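Please brief me on this structure.

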Amino acid sequence: MDDEILEQLRERYASGNLIVFAGAGVSAAAGMPTWKQLAEKLRDRARRRSADPAVLDEIQQYISSNQLINALSAAKLALGPQDFNWTVDKELDDTGRDVPDVAQAIAALKPKLKAVLTTNIDRFLERAFQGEWRVVDRPVGDVAMDRRFILKLHGTLRAWDTWVFSRDQYDRAIFGSPLLQDAFGALYRTHSILFVGFGLADDNIDQTLARVRALSGGQPPMHFALLPKGVPPFRRKLLEESGIRLIAYENQSGDHAEVAEILLGLEQGAPAPQPPQPPPRPATPAPGARPNAAPPSARPTVVPPGHARPTAQRPVRVFFSYASRDEELLSRLEAHMSPLKREGLIAPWHSGKIGAGEDLERAIGEQLEAADLVLLLVSASFLASEQGDAQVTRAMERRAAGQAAVVPILLRPCDWETTRFAELQAVPRDKKPVTKWADEDEALLQVVREIRAVVTKLRASLG
């Protein structure tokens with residue numbers, strides 16, 4: 001291993017300007033399929049569905065030549081969107097799987113790490129960060145100015161509308177927008193990227209590296225990649241032209257365990273002083289535990305043998321469905337819910353958070369599909385709204401499918417007991433709308449206490 005390059009990487013981390021770009025290898029460490037294996041599983045499903053042999057041959061040709069975006073695109077065409085999405089969702093569901101050591105090692109870098117980018121749609125990284133960093137399904141123009149976020153370039157599990165698998169989706173969602181090109185240009189020009197979990201030999205990463213070269217204007221910044229030894233000369237030259245310095249490891253055991261060791265060593269060897277860390281719980285070490293308690297000769301282990309692996313829980317995604325007339329009550333409800341947000345229990349969203357120039361309908365649809373909890377802010381204006389009606393319809397469908405919880409919150413008197421959500425337990429529990437209380441803050445407090453109970457149950461099931 002090149003000690004000089006490793007020291008340069010430590011310096012970039014200590015400066016607070018390092019971004020980790022996590023690829024499929026991070027999830028593969030937990031037994032999840034790589035992009036290639038996913039394409040093969042989709043091909044096999046298409047074969048079982050008696051797809052045209054010529055289509056199957058085309059998928060196989062793309063797989064064999066590592067054109068994995070094209071392979072997934074062809075598989076989606078052969079299976080149809082619904083079957084394709086269902087299969088991908090099932091194959092990449094991390095429920096019940098332990099968070100891999102490499103994901104926990106990335107989370108251990110959170111004291112100075114700028115951000116995490118990933119092409120993975122599973123939730124290993126969110127679980128490793130225990131909901132402390134916000135998750136972004138779509139980048140925005142000022143992303144280079146932000147910190148402490150996980151940007152999921154290909155979308156996230158369960159939220160099918162956010163996924164990026166086909167060629168046109170990839171080009172449009174990641175690099176098709178001038179605004180996003182500016183954002184990524186700023187990231188690549190001003191920050192160092194550490195590629196982790198990439199084979200750096202498929203067209204997915206090749207396109208990214210091509211953008212790195214184009215955005216750098218011939219003067220690429222210093223980037224890094226962790227790779228097992230044996231990178232071919234031409235591939236090495238291509239990476240170096242993209243400003244990427246290779247940190248090669250032996251991989252003697254074949255399980256890439258050295259990657260977690262190298263990542264943990266960044267925090268251990270960072271020259272800047274560290275803020276005091278809370279002591280670990282007696283029975284369960286924190287995912288971000290510092291590695292310098294381990295002897296230098298031993299390989300750092302994120303979870304010591306004999307200890308239970310911690311269960312990392314992300315915040316519950318909360319979607320507010322409301323009428324514009326009720327914005328003032330929404331704002332007051334948000335204020336009452338702020339302790340839940342501060343405790344990392346919820347990640348609230350409503351249409352008022354949509355920025356100028358964003359696609360309103362798309363943003364609302366994506367957030368509604370990703371929500372774990374939908375709060376219906378019920379009033380006559382809400383019941384009269386076509387948009388509210390559409391959101392209620394979809395929320396109830398997702399509830400029936402076991403994908404989200406729905407809670408009606410009675411803001412103003414109205415004929416809500418004839419609606420499709422009348423069967424649900426509404427709050428306040430006595431069915432007295434918030435505006436009919438002598439003290440509206442007392443009513444909102446009761447609402448928030450009920451929401452906290454719902455959130456607690458949901459987090460237990462999210463894992």
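In this predicted model, 7 strands form an open sheet. The strand order is S3-S4-S2-S1-S5-S6-S7, and the pairing is parallel.

**Sheet**

- Strand S3 (134–136) and strand S7 (244–249) stand at the edges.
- Each of these two has a single partner strand, so one side of each is left without a neighbour in the sheet.
- On average, neighbouring strands are turned by 20 degrees against each other, direction ignored.
- Strands of a sheet pair through backbone hydrogen bonds, either parallel or antiparallel.

**Strands S1 and S2**

- Strand S1 (residues 18–22) and strand S2 (residues 115–118) run parallel and are joined by 4 bridges.
- Ala22 stands opposite Thr118 in S2.

**Helix on the sheet**

- Helix H1 (residues 3–15) lies across S1, strand S5 (192–196), strand S6 (223–228) and S7.
- The helix H1 runs at about 115 degrees to S7.

**Cavities**

- Rolling a probe the size of a water molecule over the atoms shows where empty space is left.
- The model has 4 cavities of 30 Å³ or more.
- The largest cavity holds about 100 Å³ of space.
- Its lining consists of Ala24, Ser27, Pro33, Thr34, Trp35, Leu38, Leu92, Thr119, Asn120, Ile121, Asp122 and Phe165.
- Helix H2 (24–28) and helix H3 (35–48) are the elements that give two or more residues to this lining.
- By residue class, the lining of the largest cavity divides into 7 nonpolar, 4 polar and 1 charged.

Note on methods. Residues numbered from 1 in each chain as written. Predicted model: local features only at pLDDT ≥ 70, side-chain atom pairs only at ≥ 80, totals over all residues. Heavy atoms only, no water. 1 Å grid on protein atoms, 1.4 Å probe; cavity = no way out; pocket = protein on both sides within 12 Å on 5 of 7 lines; lining within 4 Å. Points joined across faces, edges and corners; volume = space filled by probe spheres on them. Nonpolar A, V, L, I, M, F, W, Y, C, P; charged D, E, K, R; others polar. Pairing = 2+ DSSP bridges. Axes fitted to C-alpha atoms, helices over the stretch in contact; angles between N-to-C directions. Contact = heavy atoms within 4.5 Å.
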